[in-house]
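Here is a briefing on one structure. Look at the sheet first, then at the charged side chains.

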Amino acid sequence: MKRIGILTGGGDAPGLNAVIRAAVKTAINEYDCKVFGIKDGYDGFLAKDGIIPLGLGDVRGILPRGGTILGAANRGNPYARKVIRNGKEITIDVSDEIVKGIKKLKLEALLVLGGDGTLHIAHELFLKGVPVIGVPKTIDNDIGGTEITFGFDTALNIATEALDRLHTTAESHHRVMVIELMGRDAGFIALHAGVSGGADVILIPEIPFNYESIIAKVRARAAAGSKFSLIAVSEGAKTQDGTQIFSRKGDEIYVPRLGGIGQAVAEYMEKQGFESRVTVLGHVQRGGTPTAFDRWLATRYGAAAVRLAAKGGYDRMVALRCGTITDIPLEEATATPKRIKLTDDSVITARNLGISFGD
Ligand code: F6P
């Protein structure tokens, strides 16, 4: 193995740079291999200066750095790229150009660090002959086949700290504090941070809620002498009739943008006579330095991805199972996204503690 490429696709997540660093070091130290960084996801293959050599000096000092030194693009789908032709915006398939770019670079492996969308595209490119290796990235922790994705632990810690901070001010002012957290259609951040940060109500997409159940919990707490409550809401939480709240519609390029459920819950609480405030934690959960756990996991994933490439394990993704790094087919990772199940011990534990899911 003499030449490999690395790209980071989709939204960023803390730990991307740690993966890049580990992959570059392993490729150079163990295989004397040349490494190329592709800028801004798959778009780098189409841009004039989209490909840069990555040496040991380029990855020095990036272990604790958030974001990605390669840049990311979460509308960079080569199968649906928006371009202007004759003054009109159209969507075209540029996947063959990407394949050409990869062949021209003579890459023997392309490490793709991404979430379900980016990894699904990687599998499609493999079917066109590209030697891809996947690395599971997302703060949402929703990729199938792996126990955990890097970025999740950092987001969880940030969300938990926010809940701790809201707790003290909620208690002082006898208020309901609602915090809206990321996660798209998976409630891992809200559930884990909600339990770790002492939330009284946790609303997640996997357990549809009704407003009456939330207010019943808040009233019960008030009656028992706790005049404040903390509500952790996942951005994708839905009511029992299936309603989710979006701040922007989707199209062929953008997935619909979730947002606004926290405000809706806070407004309902106010109408019921409970003074409420809402905090939308947003991209704070995605930015900044990764936790030690995420650095450790990302480093293991990065080194393992290069070892997998050296074995020719294409169309596969590194994964964590029973605490050990292994690898699985990319198709398995993207076929069924990971979701919280009602029978998970995390849900049962939360219920044991008296936490309401609003169901
Ligand atoms: O997938 C990660 C994630 O942070 C989701 O939790 C969130 O819905 C989404 O990305 C937001 O992405 P962006 O604002 O970059 O489009």
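Buried means under 20% relative accessible area, exposed means over 50%, and partly exposed lies in between, with a 1.4 Å probe and protein chains only. By that scale E275 is partly exposed, with a relative accessible area of 36%. This is a predicted model: local features need pLDDT of at least 70, side-chain atom pairs count only at pLDDT 80 or more, and totals for chains, interfaces and linings use all residues. Residues are numbered from 1 along each chain as its sequence is written, and side-chain values use heavy atoms, with hydrogens and water left out.

**Sheet and helix**

- Seven strands form an open sheet with mixed pairing, in the order β3-β2-β1-β6-β7-β14-β15. Strands (E, at least two residues) and helices (H or I, at least four) are DSSP runs, numbered from the N terminus. Two strands pair if DSSP finds at least two bridges between them.
- β3 (51–53) and β15 (324–329) are the edge strands; each has a single partner, so one side of each is left without a neighbour in the sheet.
- From one strand to the next, the twist averages 30 degrees. Axes are lines fitted to C-alpha atoms, for helices over the stretch in contact; angles run from 0 to 180 degrees between N-to-C directions.
- β6 (residues 109–114) and β7 (residues 132–136) pair in the parallel sense over five bridges. L113 has V135 in β7 as its bridge partner.
- Helix α8 (residues 292–310) packs on the sheet and touches β1 (3–8), β6, β7, β14 (316–321) and β15. Contact means heavy atoms within 4.5 Å. The direction of α8 makes about 140 degrees with that of β14.

- D294 sits in helix α8.
- D294 is buried yet has no salt bridge. A salt bridge is a side-chain nitrogen of Lys or Arg within 4 Å of a carboxyl oxygen of Asp or Glu. The nearest side chain of opposite charge, R295, is 8.6 Å away. Lys and Arg count as positive, Asp and Glu as negative; His and the chain ends are not counted.
- What lies 3.0 Å from a polar atom of the D294 side chain? The backbone nitrogen of G151 does. The backbone nitrogen of D153 lies 3.4 Å from a polar atom of that side chain.
- Leaving out residues up to four places away in sequence, D294 touches P14, T149, F150, G151, F152, D153 and T154.

**Salt bridges**

- The count comes to 15 salt bridges.
- E275 pairs with R175, the closest N and O atoms being 3.1 Å apart. E275 lies in the loop between α7 (261–271) and β13 (276–280) and R175 in the loop between α4 and β8, so the pair ties together parts that are 100 residues apart in sequence. R175 counts as buried, at 15% relative accessibility.
- E332 and R321 meet in a salt bridge at 2.8 Å, N to O. E332 is in helix α9 (residues 330–335) and R321 in strand β14, eleven residues apart. Both are partly exposed: E332 at 39%, R321 at 33%.
- R351 and D359 form another salt bridge, at 2.9 Å, N to O.
- D116, D140, D142 and R184 are linked in a salt-bridge network.

**Positive phi**

- Most residues other than glycine have a negative phi.
- D40 has a positive phi, near 55 degrees. D40 is in the loop between β2 (34–38) and β3, and is partly exposed at 37%.
- Phi of H174 is also positive, near 55 degrees. H174 is in the loop between α4 (152–173) and β8 (176–181).

Notes
A polar contact is a pair of N or O atoms within 3.5 Å; within protein, one must be able to donate a hydrogen and the other to accept it, and residues adjacent in sequence count only if both atoms are side-chain atoms.
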